[in-house]
Amino acid sequence: MRNLMFVIVMLVANTPVPDTRAQNNQAVAVTPSVSGRWIVSADFYGTRMDLSLDLKQEGENLTGKFQGNPLQDTIHSDAVTFVAKNERGLTINCKATVQDNIMSGTLVFSNTNDPQPPSTRQFTATLVPTRRAVAPVRH
């Protein structure tokens with residue numbers, strides 16, 4: 001009886017377990033959600049400027065506002081692109097990547113009313129955490 005139990009325990013202990021990690025690594029890349037309010041930090045001639053970016057993502061489509069200017073474009077995997085325009089001729093082109101709620105890339109500012117060449121700036125943006133809905137507390 002002891003020998004039989006020993007054989008059963010050894011068989012169970014030596015039975016290979018299928019490795020599901022390899023299957024999980026082959027999963028399709030998930031597009032991160034970029035919806036929300038972002039604080040964009042860019043260097044303008046040695047001065048740090050903080051800009052606002054509000055994004056709404058529906059699938060791969062992006063809509064929102066950059067510094068109050070309407071924008072729209074797409075997101076593929078972790079690559080974000082958008083174009084924001086205003087009524088005075090300012091156009092802002094963005095190409096960025098998103099990783100761990102941090103967006104980084106380039107902004108190209110051009111103006112149809114300005115003879116100067118477009119200005120390219122590196123930037124990083126962080127997602128502003130959403131406020132928790134809690135009841136007010138009286139102190």
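How many bridges pair strand β5 with strand β6, and in which sense, parallel or antiparallel? The panels below take that up, along with the neighbouring strands. Everything comes from a predicted model, in which local features need pLDDT of at least 70, side-chain atom pairs count only at pLDDT 80 or more, and totals for chains, interfaces and linings use all residues. Residues are numbered from 1 along each chain as its sequence is written, and side-chain values use heavy atoms, with hydrogens and water left out.

**View 1. The barrel as a whole.** Eight strands make a closed barrel in the order β1-β2-β3-β4-β5-β6-β7-β8, with antiparallel pairing. From one strand to the next, the twist averages 30° (axes are lines fitted to C-alpha atoms, for helices over the stretch in contact, and angles run from 0 to 180 degrees between N-to-C directions). Strands here are DSSP runs of E with at least two residues, numbered from the N terminus, and two of them pair if DSSP finds at least two bridges between them.

**View 2. β5 against β6.** Here's the answer to the opening question: β5 (residues 79-85) and β6 (residues 90-99) pair in the antiparallel sense over seven bridges. Threonine 81 has lysine 95 as its bridge partner in β6, and phenylalanine 82 stands opposite cysteine 94. Four residues sit between the strands of this hairpin, where glycine 89 takes a positive phi near 100°. As for faces, Val80, Phe82 and Ala84 are on the covered side of β5, while Ala79, Thr81, Val83 and Lys85 are on the uncovered one. In a regular strand, side chains alternate between the two faces of the sheet.

View 3. Histidine 76 is opposite alanine 79. The hairpin has two residues between its strands, and serine 77 in the turn has a positive phi of about 55°. Leucine 71 belongs to β4 (residues 69-76) and is buried, with a relative accessible area of 5% (buried means under 20%, with a 1.4 Å probe and protein chains only). Beyond its neighbours within four places in sequence, its contacts include Leu53, Phe66, Phe82 and Ala84 (contact means heavy atoms within 4.5 Å).

View 4. Ten bridges join β6 to β7 (residues 102-111), running antiparallel; threonine 97 partners serine 104. Aspartate 100, in the turn of their two-residue hairpin, has a positive phi of about 55°. Eight bridges then join β7 to β8 (residues 119-127), also antiparallel, with methionine 103 partnering alanine 125.

Note on methods. Buried means under 20% relative accessible area, exposed over 50%, partly exposed in between (1.4 Å probe, protein chains only).
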